Amino acid sequence: MRFADIRHYRLPLAAYVSILHRASGAMMFVLLPFVLFLLEKSLTSEISFEYFKGFTSNWFVKLVILALVWAYLHHFCAGIRHLLMDVHVGVDKESGRKSAVAVLAISLPIAALVALKLFGVF
């Protein structure tokens with residue numbers, strides 16, 4: 001396959017779930033120092049907690065929080081999928097497709113519920 005043929009190549013759903021598993025892990029790893037810094041600063045005093053409470057009411061910050069929640073949920077579900085494949089459960093093509101669908105069917109609705117709660121729908 002040449003690089004020019006990449007746009008005509010169709011990856012299976014399991015490949016996209018695997019790529020997203022790596023991307024979500026990388027995103028959580030990169031943002032972990034920032035999250036820990038915010039946690040440490042918010043626990044310093046009541047004033048700093050109220051400041052960060054106001055800071056997280058910004059819509060952009062809520063989107064970042066939602067992205068982190070999705071990354072965690074997807075990484076957790078896909079990690080269980082990969083652990084099962086490590087012990088040779090669901091390694092055939094059809095089981096791989098079904099488990100990839102299951103990862104998305106579990107992680108996306110839970111992330112949507114978190115989004116609704118985060119943006120004040122309920």
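Is Ile-19 buried, partly exposed or exposed? In this predicted model, Ile-19 comes out as partly exposed, with a relative accessible area of 45%. Patches take in residues with over 30% relative accessible area, and Ile-19 is part of a nonpolar one.

**Nonpolar surface patch**
- The patch covers about 940 Å².
- Its members are Met-1, Phe-3, Ile-6, Tyr-9, Leu-11, Leu-13, Tyr-16, Ile-19 and Val-101.
- Helix α1, running over residues 13-42, brings in the largest share of the patch, with three residues.
- Ile-19 sits in helix α1.

**Largest pocket**
- Three helices, α1, α2 (46-55) and α3 (59-86), each put at least two residues into the lining.
- Helix α1 gives the most to this lining, with eight residues.
- Sorted by class, the lining has 14 nonpolar, two polar and one charged residues.

- His-88 isn't a glycine, yet it has a positive phi of about 65°.
- Most residues other than glycine have a negative phi.
- You'll find His-88 in the loop between α3 and α4 (93-118).
- His-88 counts as exposed because its relative accessible area is 66%, and the cut-off for exposed is over 50%.

Methods:
Residues numbered from 1 in each chain as written. Predicted model: local features only at pLDDT ≥ 70, side-chain atom pairs only at ≥ 80, totals over all residues. Heavy atoms only, no water. Patch = residues over 30% accessible without salt bridge, like charges linked within 9 Å, V, L, I, M, F, W, Y side chains within 5 Å. Areas by Shrake-Rupley, 256 points an atom, 1.4 Å probe, with all protein chains shown as cover. Salt bridge = Lys/Arg side-chain N within 4 Å of Asp/Glu carboxyl O. Helix = DSSP H or I, 4+ residues; strand = E, 2+ residues; numbered from the N terminus. Buried < 20%, exposed > 50% of the residue type's maximum accessible area, 1.4 Å probe, protein only. Nonpolar A, V, L, I, M, F, W, Y, C, P; charged D, E, K, R; others polar.
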